[in-house]
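This report describes the contact between two protein chains and then the make-up of one of them.

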Amino acid sequence: MSEEPVSPDESPDESAGGTPADPKSGRQARLLVVLRTGITLVLAAATVGALAPEPWGTGAAKATAVMLVAFPVGRVAWLGVRWLRKGDTRYATVALLLLLVVATGAIAANV
Amino acid sequence: MPAVPILVLLSGTTAAIGTLGGLGGAVFLVPLLILFGVDPHIAAPLGILSVGAGSLAAAPRQLGEGVVHHRLGVLCEVAASSGAIAGALVATHMSDTALTVFLAITAVIAAVAGGRRKGIRNPPRAEFSGELAGEWPGTLSGAYRLGEGVVPYQARRVPAGMGAMLGAGIVSGVAGVGGGFIKTPAMSEIMHVPVKVAAATTTFTVGITSATSLLVFSAQGRVDYVAGAAIIVGGLVGGVLGARVQQALRPEQVRKFLAVALVIVGILLLVDL
């Protein structure tokens with residue numbers, strides 16, 4: 001079983017008598033899994049969108065565009081929650097501010 | 001509109017180049033699409049789709065290498081996305097010629113600024129040899145691996161950098177590009193962030209900029225989704241390839257490549273006038 005490298009952002013807690021497993025460690029590994037899954041989903045949907053006949057093609061193509069918006073925005077939301085849980089309220093607030101900016105853009109475009 | 005295989009090839013090539021230099025790809029793709037006869041109002045959203053695909057494709061590798069500074073990226077992106085929204089609103093009042101000249105000049109200036117710098121600004125420090133690569137929590141500092149050593153860094157001149165990001169966002173909103181060809185040099189030259197970290201962090205942020213711009217373009221009815229799907233297929237493949245090649249290059253190589261690529265972009269834009 002390969003060992004996941006621990007980044008400075010998720011140092012394991014230490015206690016007398018050993019180093020217990022940090023329940024928060026490895027969460028960037030989960031983000032990696034989500035991103036890799038996202039690449040597969042987007043590639044599959046985009047391939048269908050480019051090659052399939054209507055109406056499947058347009059439907060799959062639109063779903064691809066939706067995912068290209070959802071993944072980066074979702075990543076920012078995930079980071080914000082993660083930073084908030086780690087007590088980094090400053091950058092959690094920055095992440096929230098960014099999400100508000102994106103939301104404002106979406107609203108302004110439809111006005 | 002070019003055939004699907006041509007769209008895939010164009011997008012893949014430009015995405016690989018964009019990921020390698022932290023440019024985002026669309027700054028190359030949009031002029032090429034226009035040269036192939038695509039309406040500029042349709043080419044810009046297609047470029048943005050390429051940006052988003054390239055950003056997603058490069059994300060896992062760059063995240064695993066610890067070269068993305070998420071806090072710096074999110075902070076910079078507040079300014080950039082705000083600029084992108086403003087740029088999209090201003091775009092209707094700018095002529096195509098004025099915008100093209102503006103982009104060309106900006107690309108050449110960035111090429112000159114990046115190409116003039118010699119040596120490595122952030123050398124490895126022996127006392128940090130035991131550090132893990134990655135950002136340091138709650139700060140705009142971090143460390144990344146350079147060969148056998150570890151290089152600490154800290155973002156500086158943040159207000160000036162945010163100003164540059166705002167400008168990059170405006171350009172993005174106006175022209176339909178990710179703005180990476182402004183963001184990476186700004187992060188490297190103004191904020192003194194190592195080139196590899198700047199490029200990887202920019203690749204992260206242009207994904208957000210593309211999402212913001214795509215929401216606006218979609219509301220305006222300017223997105224050809226089927227052509228966009230072909231663009232995305234090429235963008236994903238090119239982004240993965242670009243990220244892998246980036247890992248094997250030295251900072252000087254990345255900087256020189258970036259400078260050459262930006263000059264080519266500037267020439268392409270002016271020739272297209």
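How many residues of chain B are in contact with residues of chain A?

## Extent of the interface

In this predicted model, 45 residues of chain B are in contact with 46 residues of chain A, contact meaning heavy atoms within 4.5 Å. The two chains bury about 3,900 Å² between them, with 81% of that area on carbon and sulfur atoms. Buried area is the accessible area (1.4 Å probe) that two parts lose on being put together, summed over both.

The rule finds one salt bridge across the interface, defined as a side-chain nitrogen of Lys or Arg within 4 Å of a carboxyl oxygen of Asp or Glu. B:R71 pairs here with A:D88, and their closest N and O atoms are 2.7 Å apart.

On the side of chain B that touches chain A, at least two residues each come from α3 (40-65), α4 (70-90), β1 (134-135), α8 (195-219) and α9 (225-247). Helices (H or I, at least four residues) and strands (E, at least two) are DSSP runs, numbered from the N terminus.

## Chain B as a whole

Chain B has ten helices and three strands, in the order α-α-α-α-α-β-β-β-α-α-α-α-α from the N terminus. Of its 273 residues, 62% count as buried, that is, under 20% relative accessible area (1.4 Å probe, protein chains only).

## Basis of the values

Residues are numbered from 1 along each chain as its sequence is written, and chains are lettered from A in the order in which they are written. Local features need pLDDT of at least 70, side-chain atom pairs count only at pLDDT 80 or more, and totals for chains, interfaces and linings use all residues, while side-chain values use heavy atoms, without hydrogens and water.

Terms used:
Buried < 20%, exposed > 50% of the residue type's maximum accessible area, 1.4 Å probe, protein only.
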